[in-house]
Amino acid sequence: MAVVGVLALQGSFNEHIAVLRRLGVKGVEIRKPEQLLTINSLIIPGGESTTMAKLAQYFNLFPALREFVQMGKPVWGTCAGLIFLADKATGQKTGGQELVGGLDCTVHRNFFGSQIQSFETELAVPELVSKEGGPETFRGVFIRAPAILDVGPEVQVLADYPVPSDKKLSSDSSVEDKKENADEKSKVIVAVRQGNILATAFHPELTADTRWHSYFLKMGNVTGEEASSSVVPAEVSTNNKLQSQNDLPIFQ
């Protein structure tokens with residue numbers, strides 16, 4: 001039986017495992033390098049990227065994570081997981097953070113601002129619809145979210161988001177510099193795929209729509225007990241969703 005691992009250092013790993021269970025797929029928590037040998041694919045969830053990086057360093061996970069990606073096994077990063085997988089990240093805290101890499105893109109950490117600036121919006125997702133069916137849009141939950149500023153030639157853009165002219169971003173000067181680049185096309189990228197790597201700036205695990213999870217499972221030819229993904233009206237507010245981002249204490 002195929003097993004999907006979910007990096008369980010901090011953040012919304014429980015929510016990902018719950019979605020996998022709904023799709024009839026076994027999800028397991030991953031905290032040690034040797035556990036990566038037991039899984040077929042990996043989800044790196046959203047959370048606080050600096051905290052996750054510090055914990056990954058503590059458990060000596062980075063070499064094993066890089067090897068997992070390089071082996072061509074499916075890996076999906078959501079929000080902080082996207083930052084982990086990017087080859088380059090800007091807008092980081094002083095001293096930066098270690099990255100897994102593998103995804104040919106530049107990502108800006110906290111592009112949309114602080115946690116109080118979190119939001120939800122409908123995203124056009126034609127590739128997802130062509131593979132999974134369902135509504136033409138997906139409800140994107142953006143919590144202190146990053147954005148992809150540019151991608152390499154091998155990267156497929158799956159969703160983007162228009163940047164409003166009056167959007168208030170972080171006071172970090174580097175954010176304003178990057179916003180100028182984003183404004184050239186008045187949008188930033190929020191979902192991509194490059195071979196075995198899938199990345200989303202938003203949190204599909206915090207909605208009742210399982211299409212992104214189903215899409216990812218098919219990247220690794222993983223099938224569960226259910227025949228297809230499902231879309232169910234969500235009953236959880238954004239405020240409640242924010243709680244899943246604070247499962248463990250944050251490093252200062």
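Mentor: First a cut-off: a residue is called buried when its relative accessible area is under 20%. Keep in mind that this is a predicted model.

Trainee: Which residues does UniProt list for "active site"?
Mentor: The unreviewed UniProt entry lists Cys 79, His 203 and Glu 205. They are spread over 127 residues of sequence, yet they cluster in space, with a largest C-alpha distance of 11.0 Å.

Trainee: Cys 79, buried or exposed?
Mentor: Cys 79 has a relative accessible area of 2%, so it is buried. Cys 79 sits in the loop between strand E4 (75–78) and helix H4 (80–85).

Trainee: What does Cys 79 touch, leaving out residues up to four places away in sequence?
Mentor: Its contacts include Gly 46, Arg 144, Phe 202 and His 203.

Trainee: And where is His 203 found?
Mentor: In the loop between strand E12 (197–200) and helix H7 (211–219). His 203 is at 0% relative accessible area, therefore buried.

Trainee: Switching to rings. How many aromatic pairs?
Mentor: The count is 15. One of them is Phe 112 with Phe 142, edge-to-face, 5.5 Å centre to centre and 65 degrees between the planes. Phe 112 is in the loop between strands E6 and E7 and Phe 142 is in strand E8, so the pair ties together parts 30 residues apart in sequence.

Trainee: How are the planes of Phe 119 and Tyr 161 set?
Mentor: At 35 degrees, with centres 5.4 Å apart, so that pair is tilted. Phe 119 is in strand E7 and Tyr 161 in strand E10, 42 residues apart. Both residues are buried.

Definitions and conventions
Residues numbered from 1 in each chain as written. Predicted model: local features only at pLDDT ≥ 70, side-chain atom pairs only at ≥ 80, totals over all residues. Heavy atoms only, no water. UniProt positions renumbered as here; feature names shortened; annotations may be inferred. Helix = DSSP H or I, 4+ residues; strand = E, 2+ residues; numbered from the N terminus. Buried < 20%, exposed > 50% of the residue type's maximum accessible area, 1.4 Å probe, protein only. Contact = heavy atoms within 4.5 Å. Phe/Tyr/Trp six-rings, centres within 6.5 Å; stacked < 30°, edge-to-face > 60°.
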